[in-house]
Amino acid sequence: MEVAVARVGMPRKWVFVCINERPPEHPRPSCIRNGSAGLFEAIREETGRLGLVDIKVVASGCLEPCMVGPAIYVAPDDVWYGGVTVDDVPAICQQHLADDEPVEFLRIGRPEFELSPLAGRSDLPPGMIPPA
Ligand code: FES
C-alpha cells in the first residue's frame, strides 16, 4: 500500500498560474478565458501524480503578459511560460519541475510583456498615446 507523504518546510519551486478574469468586452484578454482554470487543475494533478510534494502550485491574479496567456511563472527559476495548454502540462511537470530543465518552446520574455491590444489603434480617447 502506497503511503502519502505530506510536504514539510519550504517548497523547492512555486508555480504561479494566472487565473485572472476580465469582462469579455475588455480590450485585454484574460487567462481564465483562455483555459487557465483547467490548466491550474491539470498542473496540481500532475505534480501530485509525480509525487512532487516540494512544488507549490498557486492560483494567481494577473501576471501581466496577458496577450500571450495563459501565463505561468516558475520561481525561484525566474522562468515565464505563455500560451500554455493542458497538453503541455506533462512536459512542464516532468522536464522542468522534476528535472530542472525549462521547456524552451513555451518560454516568453520581455517582448511578450510589451504587447498591447491598443497598439496601432486610432480610436483611443483624446490624450491617450497608443503604445508602439
Ligand atoms: S490576465 Fe493572465 S497574465 Fe494578465
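Modeller: A salt bridge is a side-chain nitrogen of Lys or Arg within 4 Å of a carboxyl oxygen of Asp or Glu. The structure shown is a predicted model, in which local features need pLDDT of at least 70, side-chain atom pairs count only at pLDDT 80 or more, and totals for chains, interfaces and linings use all residues. Residues are numbered from 1 along each chain as its sequence is written, and side-chain values use heavy atoms, with hydrogens and water left out.

Colleague: In what order do the elements of the protein chain run from the N terminus on?
Modeller: Helices (H or I, at least four residues) and strands (E, at least two) are DSSP runs, numbered from the N terminus. The protein chain has three helices and four strands. From the N terminus on, their order is β-α-β-β-β-α-α.

Colleague: Which strands are the edge strands of the sheet?
Modeller: Strands pair if DSSP finds at least two bridges between them. The four strands form an open sheet with mixed pairing, in the order β2-β1-β3-β4. Pairing on one side only marks the edge strands, which are β2 (55-60) and β4 (79-81).

Colleague: Which residue in β4 is the bridge partner of V74?
Modeller: Strand β3 covers residues 72-75, and three bridges join it to β4. These two strands run antiparallel. The bridge partner of V74 in β4 is V79.

Colleague: At what angle does helix α1 run to β2?
Modeller: Axes are lines fitted to C-alpha atoms, for helices over the stretch in contact (heavy atoms within 4.5 Å). Angles run from 0 to 180 degrees between N-to-C directions. Helix α1, residues 36-49, lies across β1 (13-18), β2 and β3. Its angle to β2 is about 170°.

Colleague: How many residues apart are K13 and D77?
Modeller: The whole structure holds seven salt bridges. In one of them the side chains of K13 and D77 meet at 2.6 Å, N to O. This pair links distant parts of the chain, with K13 in strand β1 and D77 in the loop between β3 and β4. The two are apart by 64 residues.

Colleague: In which loop does R33 lie?
Modeller: R33 and E21 form a salt bridge through their side chains, at 3.4 Å from N to O. The two are 12 residues apart. Like E21, R33 lies in the loop between β1 and α1.

Colleague: How many disulfides are counted?
Modeller: A disulfide is a pair of cysteine sulfur atoms within 2.5 Å. Among the cysteines, C18 is buried at 2% relative accessible area, and C93 is buried at 0%. By the distance rule, the number of disulfides is zero.

Colleague: What percentage of the residues of the protein chain count as buried?
Modeller: The protein chain exposes about 7800 Å² (Shrake-Rupley method, 1.4 Å probe; for residues, only the protein chains shown count as cover). Carbon and sulfur atoms supply 55% of that area. Of the 132 residues, the buried share is 36%.

How values were computed
Buried means under 20% relative accessible area, exposed over 50%, partly exposed in between (1.4 Å probe, protein chains only).
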